[in-house]
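Subject: Structure for you to look at

Hello,

Here is the structure I promised to pass on. Please have it open while you read the notes below it.

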Amino acid sequence: MNNPGKTLVIIGIIIILAGAVLWLAGDKLNWIGRLPGDIRIEKGNTRFYFPVTTMIILSILFSVIMWIIRKFF
């Protein structure tokens, strides 16, 4: 990492873009966290939620984004 300033700017731009997408299309993305494979247990006043499938998809997406960034920079 030769230039940490450039890296921070790129990470900031990615965060801003993700925030803009969630802000503008938030009502259309309500399926996130409700995918088949996400574990949800509700008994009485206790709730347990473990988003397995959502985390796998987000991990793959993040890996592809990081691969693209490394490829071009």
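The notes below go from the overall fold to a few single residues.

Please keep in mind that this is a predicted model.

Overall fold

The protein has 2 helices and 2 strands, and their order along the sequence is α-β-β-α. Its radius of gyration is 17 Å, whereas the globule rule gives 11 Å for 73 residues, so the protein is more spread out than a compact globule.

Burial is limited to 8% of the 73 residues. The exposed surface comes to about 6600 Å², and 71% of that is supplied by carbon and sulfur atoms. Among contacts with a separation of 6 or more, 15% are between residues 24 or more positions apart.

Thr 54 sits in helix 2, which covers residues 52-72. Is Thr 54 buried or exposed? Its relative accessible area is 4%, and buried means under 20%, so Thr 54 counts as buried. Its side chain makes a polar contact of 2.8 Å with the side chain of Asp 38. Beyond its neighbours within four places in sequence, Thr 54 also touches Ile 32, Gly 33 and Leu 35, with Asp 38 again on the list.

Gly 33

Gly 33, one of those partners of Thr 54, belongs to the loop that runs between helix 1 (4-24) and strand 1 (39-43). With a relative accessibility of 9%, Gly 33 is buried too, because that value falls under the 20% cut-off. Which residues does Gly 33 contact, leaving aside its neighbours within four places in sequence? They are Asp 38, Arg 40, Tyr 49 and Thr 54. Asp 38 and Gly 33 are therefore both in contact with Thr 54, and Asp 38 is in contact with Gly 33 as well. As for Met 66, it lies 33 residues from Gly 33 in sequence, and the C-alpha to C-alpha distance between the two is 23 Å.

Seven names make up a nonpolar surface patch of about 810 Å²: Ile 56, Ile 60, Val 64, Trp 67, Ile 68, Phe 72 and Phe 73. Of these, Phe 73 is placed in the segment after helix 2. Phe 73 has a relative accessibility of 61%, and exposed means over 50%, so this residue counts as exposed.

Best regards

Technical notes. Residues are numbered from 1 along each chain as its sequence is written. This is a predicted model: local features need pLDDT of at least 70, side-chain atom pairs count only at pLDDT 80 or more; totals for chains, interfaces and linings use all residues. Side-chain values use heavy atoms; hydrogens and water are left out. Helices (H or I, at least four residues) and strands (E, at least two) are DSSP runs, numbered from the N terminus. Buried means under 20% relative accessible area, exposed over 50%, partly exposed in between (1.4 Å probe, protein chains only). A polar contact is a pair of N or O atoms within 3.5 Å; within protein, one must be able to donate a hydrogen and the other to accept it, and residues adjacent in sequence count only if both atoms are side-chain atoms. Contact means heavy atoms within 4.5 Å. The radius of gyration is taken over C-alpha atoms; the globule rule is 2.2 Å times the number of residues to the power 0.38. Accessible areas come from the Shrake-Rupley method with a 1.4 Å probe; for residues, only the protein chains shown count as cover. Patches are made of residues with over 30% relative accessible area and no salt bridge: like charges are joined within 9 Å, nonpolar side chains (Val, Leu, Ile, Met, Phe, Trp, Tyr) within 5 Å. A salt bridge is a side-chain nitrogen of Lys or Arg within 4 Å of a carboxyl oxygen of Asp or Glu.
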